[in-house]
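Reader: I have this one open on my screen. Can you walk me through it?

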Amino acid sequence: MRTKSVGKKKINVVTLGCSKNVYDSEVLMSQLKANGKEVVHEDKGDIVVINTCGFIDNAKEESINTILDYVEAKNRGEVEKVFVTGCLSERYKPDLIREIPDVDQYFGTRDLPILLKHLGADYKHELVGERLTTTPKHYAYLKISEGCDRPCSFCAIPLMRGGHVSTPIEKLVVEAQKLAKKGTKELILIAQDLTYYGLDIYKKRALGDLLKELVKVEGIEWIRLHYAFPSGFPEDVLDIIREETKVCNYIDIPLQHINSELLKSMKRGTTQEKTDALLAKFREKVPDMAIRTTLIVGYPGETEEIFRELKDWVRAQKFDRLGCFTYSHEENTGAYLLEDDIPQEIKEARVEEIMEIQSQISWEKNQEKIGKVYRCIFDRKEGNYFIGRTEYDSPDVDNTVLVSAENTYISIGEFANVKITSAEEFDLYGELIIQ
């Protein structure tokens, strides 16, 4: 009877956290739709499935608050059932059951078939590669592997996602072809570690081989690389970025820090010298490439002197894009054995200092773009502007290109050439070049 009643209900999938969670929610929604379920994303529904993040303190807090909000809605009779899945549930399931017992069921990151059963659906193996995308139809995330084998001392991802498992190239090509047929023009390759791709199944780093196959997919015009680990980076990928017009001159490579002693404590498998050499190689082989990185400040033992070293390095490297986070003391990680010796207010002040430096760098780089013409893809219209991006910018995290909508029309999801007329720290303004 329960299965029958579930089939009549609208299922609302709520996604928290990173792009990998977005991907997982899309797979879940595709399975539900194929089972004849009515499914929505972050809308009103009778049954709620919350796909949580448990990476750092802020993400955990957001996930817990979202769960509590929907439990309250359930208690008010506004929703019938609340299910929780994803990283927070994988990592803290016993604690969550004890502290928030009104949730109907908790599931881990590998429990999709079991979750589907509770929703009155069957896991359909023939749907592998099918997704009900939640992003604008012209771009989509392509998760090329799951989990991570790296030993980074600050990171709890292996606890939540398990070890590294690459998806075979042929399956990813089929998935890309299906996305292209639905109108996807830009693929954003994601993984916990793109660098490691292929080692488990091909016994070699195969990111380059994957890119060579993906560029053959008709309809795909941009391929973007996110989350490449610096240690062991396959240099043949740089040649492909330079030579293949479909592969964006862009890479997201989280470096976390530059002090060699801290990198050793973080178990990053690299040093300042090796990191600088890798960045120099990037710029030598692909001079036009935008490099995005993320940093952690406030890691145990980060003295004022070490932090000054980090600031000086950021000024010297002049990254095109940069994000910065405070260190989060995570249970069961290697760094949890260390003393979390830097007060939160100092951590947050250090983030502000780094981002102030980066803001000035970004402003200077953007001024250099004035007068130049860039091919842009347009994601949306907001107010009086069409909002687009160059190949050097990923959605939601990087710079945008704004074109006035007063006397111009641009189709959303289409490419257009734009001449930059003015620039701020993180936004470019331009006018459409009519061809």
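This is a predicted model: local features need pLDDT of at least 70, side-chain atom pairs count only at pLDDT 80 or more; totals for chains, interfaces and linings use all residues.

Reader: Start with strand 3. Is it buried or exposed?

Author: Strand 3 covers residues 47-52 and is mostly covered. Six of its six residues are buried.

Reader: Which residues point which way from strand 3?

Author: Ile-47, Val-49 and Asn-51 point one way. Val-48, Ile-50 and Thr-52 point the other way. In a regular strand the side chains alternate between the two faces of the sheet.

Reader: Which strands does strand 3 pair with?

Author: Strand 1, residues 10-15, pairs with strand 3 in the parallel sense over five bridges. Ile-11 has Ile-47 as its bridge partner there. Strand 4 also runs parallel to strand 3, joined by six bridges. Thr-52 stands opposite Gly-86 in strand 4.

Reader: What unit do strand 3 and strand 4 make with helix 3?

Author: A right-handed β-α-β unit. Helix 3 spans residues 57-75.

Reader: Switching to aromatics. How many pairs does the structure hold?

Author: Eight aromatic pairs. In one of them, the ring centres of Phe-83 and Phe-107 are 6.1 Å apart and the planes are at 55°, so that pair is tilted.

Reader: Why tilted, at 55°?

Author: Planes under 30 degrees apart count as stacked and those over 60 as edge-to-face, with the rest tilted. The 55° of Phe-83 and Phe-107 makes the pair tilted.

Reader: Where do Phe-83 and Phe-107 lie?

Author: Phe-83 is in strand 4, residues 81-86. Phe-107 is in the loop between strand 5 (105-106) and helix 5 (112-118). The pair therefore ties together parts that are 24 residues apart in sequence.

Reader: Are those two buried or exposed?

Author: Phe-83 counts as buried at 4% relative accessibility. Phe-107 is buried too, at 1%.

Reader: What about Trp-222 and Phe-415?

Author: Their ring centres are 5.0 Å apart and the planes are at 75°, so the pair is edge-to-face. It links distant parts of the chain, 193 residues apart. Trp-222 is in strand 10 (residues 222-225), and Phe-415 is in strand 17 (residues 415-423). Both Trp-222 and Phe-415 are buried.

Reader: Which charges sit over rings?

Author: Arg-150 lies over the face of Phe-229, 3.9 Å from the ring centre. The charged end of Arg-389 sits over the ring of Tyr-139, 5.4 Å from its centre.

Reader: Back to strand 17. How does strand 14 run against it, parallel or antiparallel?

Author: Antiparallel, with five bridges joining strand 14 (residues 373-382) to strand 17. Val-373 has Lys-419 as its bridge partner.

Reader: And what about strand 14 with strand 15?

Author: Strand 15 holds residues 385-389, and the two pair in the antiparallel sense over five bridges. Lys-381 is partnered with Phe-386. Strand 14 and strand 15 form a hairpin with two residues between them. In the turn, Gly-383 has a positive phi of about 60°.

Reader: How many bridges join strand 12 to strand 13?

Author: Six. Strand 12 covers residues 290-297. Thr-294 has Gly-323 as its bridge partner in strand 13.

Reader: Last topic, backbone angles. What about Glu-42?

Author: Glu-42 has a positive phi of about 55° although it is not a glycine. It lies in the loop between strand 2 (38-41) and strand 3. Glu-42 is partly exposed, at 46% relative accessible area.

Reader: And Lys-267?

Author: Lys-267 has a positive phi of about 60° and is not a glycine. It is found in the loop between helix 11 (260-266) and helix 12 (272-285). At 47% relative accessibility, Lys-267 counts as partly exposed.

Key:
Residues are numbered from 1 along each chain as its sequence is written. Side-chain values use heavy atoms; hydrogens and water are left out. Rings of Phe, Tyr and Trp (its six-membered ring) pair if their centres lie within 6.5 Å; planes under 30 degrees apart count as stacked, over 60 as edge-to-face and the rest as tilted. Helices (H or I, at least four residues) and strands (E, at least two) are DSSP runs, numbered from the N terminus. Buried means under 20% relative accessible area, exposed over 50%, partly exposed in between (1.4 Å probe, protein chains only). A charge sits over a ring if NZ of Lys or CZ of Arg is within 6 Å of the ring centre and within 35 degrees of the ring normal. Two strands pair if DSSP finds at least two bridges between them. A crossover is right-handed if, with the strands pointing away from the viewer, the path from the first strand over the helix to the second runs clockwise.
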